[in-house]
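Student: Could we go through this model together, beginning with the terms we need?

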Amino acid sequence: MSSDGDRTVNDGAGSGTDGAAPATDGASASAEAAPGDAGGGRAAFEAEIRDALAGLTARLDREHERAAHREAVIDRLHEENQRLRRGELQAMLEPVRAALYRLHDQARREAGRLAGAGEPPDPVRTAGLFTAVADDVADALARLGVERFSASPGDPYDASRHRPVAVTPVADPDRDGLVTGVQADGFEQSGKVLRKAAVSVGRLDRASNGTTVAAGGGETTNNRLGTDG
């Protein structure tokens with residue numbers, strides 16, 4: 001009886017062992033399938049990276065094309081602007097050239113007339129000639145927006161518009177600091193003085209009032225009032 005019981009127990013144990021075997025086989029199958037699944041996921045990930053890099057490359061290429069187009073447009077606009085500026089400059093200089101042509105022809109005519117004359121030149125005609133030349137130059141400058149201005153004897157000295165080049169002693173206190181003569185006209189553009197008028201300025205001669213002794217007389221070159229352009 002005991003032998004049969006032992007055999008029965010052993011058979012049950014064996015059956016239990018055989019029943020556990022399929023579970024072991026299933027785990028082995030799952031373990032064998034895992035590497036294949038990991039390999040497929042890696043391939044998909046690499047494919048996504050390749051697609052992203054391809055898209056980024058295409059986008060960079062498009063941006064490069066746009067940048068090249070913008071540079072081409074900028075270069076073309078700059079060239080057109082330079083041409084326009086050159087054209088405007090030539091148009092502005094045309095009155096100056098025309099004035100210089102007239103001055104050239106006038107000077108040649110007067111030179112020929114004076115060379116053929118058997119007598120000294122007429123001072124009045126010569127003065128009129130030089131006045132006309134100065135007026136033609138001033139007219140050419142006016143076409144460029146540069147206006148001529150001058151001063152008159154008796155005008156108050158203005159340091160912002162006058163450049164003192166000489167001093168004239170005066171006995172009248174009312175003439176002290178006034179313009180006594182004009183050596184050169186001034187020029188301005190849009191209210192800005194480009195060149196000051198060169199003038200002589202009266203300075204009170206105190207020797208005439210017995211207060212000081214002045215050395216010399218008449219108009220003297222100014223070295224103390226200062227000069228500027």
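Tutor: Two strands pair if DSSP finds at least two bridges between them, and strands (E, at least two residues) and helices (H or I, at least four residues) are DSSP runs numbered from the N terminus. This is a predicted model, in which local features need pLDDT of at least 70 and side-chain atom pairs count only at pLDDT 80 or more, while totals for chains, interfaces and linings use all residues. Residues are numbered from 1 along each chain as its sequence is written, and side-chain values use heavy atoms, with hydrogens and water left out.

Student: In which sense do E1 and strand E4 pair?

Tutor: Three strands form an open sheet in the order E1-E4-E5, with strand E1 (147–149) and strand E5 (192–195) at its edges. Between E1 and strand E4 (residues 186–189) there are three bridges, and the sense of their pairing is antiparallel.

Student: Which residue in E4 is the bridge partner of glutamate 147?

Tutor: E1 and E4 are joined by three bridges. For glutamate 147, the bridge partner in E4 is glutamate 188.

Student: Is arginine 42, which forms a salt bridge with glutamate 46, buried or exposed?

Tutor: A salt bridge is a side-chain nitrogen of Lys or Arg within 4 Å of a carboxyl oxygen of Asp or Glu, and the closest N and O atoms of arginine 42 and glutamate 46 are 3.4 Å apart. Buried means under 20% relative accessible area, exposed over 50% and partly exposed in between, with a 1.4 Å probe and protein chains only. Because its relative accessibility is 57%, arginine 42 counts as exposed.
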